[in-house]
Every structure is written in C-alpha cells, then in structure tokens.
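Work through the exercises below with the sequence and the model open. Each task is followed by a solution in steps.

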Amino acid sequence: MTHTHPAPPFDVELGAVLAALGEMLPPTLTPEMIAPMRQGGLLATPIDELIGDRPIRHEERRVPGPAGAPDITLSIFTRTDHVAPGPGIFHTHGGGMILGDRFTGAEEYLNWVVELDAVVVSVEYRLAPENPDPAPVDDCYAGLVWTAAHADELGIDPDRIVIGGASAGGGLAAGVTLTARDLGGPALAGQLLIYPMLDDRNETASSHQVDGFGVWDRGSNDTGWDALLGDRRKTDAVSIYAAPARATDLTNLPPAFIDVASAEVFRDEDVAYAVRIWEQGGIAELHVWPGGFHGFDAMAPQAALSLRARAARLDWLRRTLGV
C-alpha cells in the first residue's frame, strides 16, 4: 500500500497522556536504542513493589528449556489462600521481541491472581536479536509444557489453563497455541491475545497509518521483526509459529480473546486474525478500542478506555475459566 488516510484520532484523555510522555518515549524504536532501553528500565518496577501488601506469594523455578537450549526461569504467582485446583494463566510478556522480562505486564496479571484466584506462571524467554526465532516461541512453549505437566503441584486444574500476553507476548501466545495444537501439546482452555504482534510483513493499512507518532510505530515494528527474523523476514521461510498471521489453518484452536486499539500498527492484522478464526468456525471475541494507541492501558491504567479494556479481559477470563 502506498496511499493511506490518516490514522483515527486518539481518545482525548489518552492523547493528553501520550503528549506528556512524548519526551520520554520516542515513537520509533531503532536498533541502536535496544541496549539503552534495556538498561533504562523503562518497563520495570521491582516486582516486590508491585505486589506490595497484596496476599500473593511469588516463587521462581528453573525448568528445562527447549531441547539443547538453556534452562528457563518461571515466576509463579499464587494467592496465599489459594484453593487448589484453580485456574492457571501462562503469561508471555510483551516488549517487541527485544525488550522486557517476565515482570512486564505484572500490574495487570497480579490483578488476575487476586480477582480470579488464578495461578499465574510468567516465563522469561530469550530475546532477539541475540536469540532470534525460534528461541522466544520455543522457550515459551517449553515453559507451558512444564507448567501443564506440573499442574497438580502448582495448584492448577489442567483443564483450566489459559495462555495470555500483550504485544509481542500476544504474538507468542498465539504462536504457542498453534504449536500446542500441531504437536499434540497441552490442551488450552483459551488464548488471551492483547493487541498481539502477529504479522512480520508490515503491509496493512494500519501499519502505514501509524508512522512517526504514537507508540510502537511502523519503524519500531520493522526493528522488532528484523531482530527476530533477520534475512528471513517477509519470505516464505517465516513459520506460522513466529508470525501467526501467516497461518492459513486456524481450526481446532481454543477460544480466543483478541483486543487492539484503533490507532495502532497492529489493528488490521489483529482484526483479520479474528475474522479468519470465525471464517473457519472457531470462537473469538474481538474488541477494537476507539482512540487507543499501542499499550494505552499500560501507560494510562486509570484512563476510562483503559479501565474498560481491562474489565473486558477480566470478564472473558472469568467466563473462560469458570470462575
């Protein structure tokens, strides 16, 4: 696509937040910025501070990684009064495949622990570009396999495990769900895909509309996918597990929750993923949040639109997990 209309306008409340953040958060993340952003801890509040005085126990486990690869670290969050067996949520963090750690997104998933009495298991996967595809999705799958195999020990009902994540984590959650289907792996009760990063090709209308402004613009998306895929990017050598938008068969998948903002790069690929699930007789719940930018609810959690988005996810989790 060469000519596109401007992006939809930002929500007034969110636009003001973005303007205030503007200096700290350049719209385009270039490869040279990866290392300083990792050092800067832009995405990091210490996990103990986030837990605060809430009745949550945090345990870390080192578990086997993919065959021939290093072990991986899982953080396991359980309510101190957990009633076992309860629901399990396997969490894959965001950060464009290049940033973040297993505590990225904790503000939201710690709330799931408290509200749902869910055991949340968050995986520390290897990041690109040092560890290109398939390292991230393989690490996440290995963590899911371990979690499902140890469900009883963790206080999880193995029939009530949902995988979920935001941004790159949403893409990884979709990729792991496809992997589990194709390898006969753990049976998942659902996949929670929060503005997921699904398509390496960057050729939708929304990927052209959000360029040079907002959060995670077109150039940032190039940076993330180039880091993950290198020379394979935009070729037939890219697997459906790395870029789930390339999957033509979306049958036999667990119910999906997909949400995305109207003024972000991922809008059209995420809507298309939901449509393809429906076309093939599957179950998907889709929300397009009007006037949102990428990650709006993480950057402005008290904004009206953010509260609506997080409430919708929690409501879907309640129904899907039978809480």
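**Exercise 1. Place D117 in the fold: where is it found, is it buried or exposed, and what does it contact?**

Step 1. D117 is found in the loop between α4 and β4. Helices (H or I, at least four residues) and strands (E, at least two) are DSSP runs, numbered from the N terminus. The model is predicted, so local features need pLDDT of at least 70 and side-chain atom pairs count only at pLDDT 80 or more, while totals for chains, interfaces and linings use all residues. Residues are numbered from 1 along each chain as its sequence is written, and side-chain values use heavy atoms, with hydrogens and water left out.

Step 2. D117 counts as buried, because its relative accessibility is 10%. Buried means under 20% relative accessible area, exposed over 50%, and partly exposed in between (1.4 Å probe, protein chains only).

Step 3. Leaving aside neighbours within four places in sequence, D117 is in contact (heavy atoms within 4.5 Å) with R79, H82, V83, P87 and W112. The C-alpha atoms of D117 and T78 are separated by 7.4 Å, and these two residues are 39 residues apart along the chain.

**Exercise 2. R313 is a helix residue; which helix holds it, and what does it contact?**

Step 1. The helix that holds R313 is α12.

Step 2. R313 is buried because its relative accessible area is 0%.

Step 3. With neighbours within four places in sequence left aside, the contacts of R313 are E108, L192, I194, Y195, F257, D259 and D297.

Step 4. For a distance check, take A135: R313 and A135 are 178 residues apart in sequence and 28 Å apart in space, C-alpha to C-alpha.

**Exercise 3. Find the backbone exceptions: which peptide bonds are cis, and which residues have a positive phi although they are not glycine?**

Step 1. Start from the general rule: most residues other than glycine have a negative phi, and most peptide bonds are trans.

Step 2. A cis peptide bond joins A128 and P129, with omega about 0°. Another cis bond runs from D133 to P134, with omega near 10°. P129 is found in the loop between β4 (119-124) and α5, and P134 is found in the loop between β4 and α5.

Step 3. N202, not a glycine, has a positive phi of about 55°. N202 lies in the loop between β6 (190-194) and α8 (205-209), and it is buried because its relative accessible area is 2%.

Step 4. W216 also has a positive phi, of about 55°. W216 is found in the loop between α8 and α9 (218-229), and it is buried because its relative accessible area is 10%.

**Exercise 4. How many cavities of 30 Å³ or more does the structure have, and which residues line the largest cavity?**

Step 1. On a 1 Å grid over the protein atoms alone, a cavity is a set of points where a 1.4 Å probe fits but cannot get out, and a pocket is an open set with protein on both sides within 12 Å along at least five of seven lines; lining residues have an atom within 4 Å of a point. Grid points are joined across faces, edges and corners, and a volume is the space filled by probe spheres set on the points.

Step 2. The whole structure has one cavity of 30 Å³ or more. The volume of the largest cavity is about 40 Å³.

Step 3. The lining of the largest cavity consists of M97, D133, P136, V137, G171, L172, L228, Y241 and A242. Helices α5 (135-149) and α7 (168-183) each supply at least two of the lining residues.
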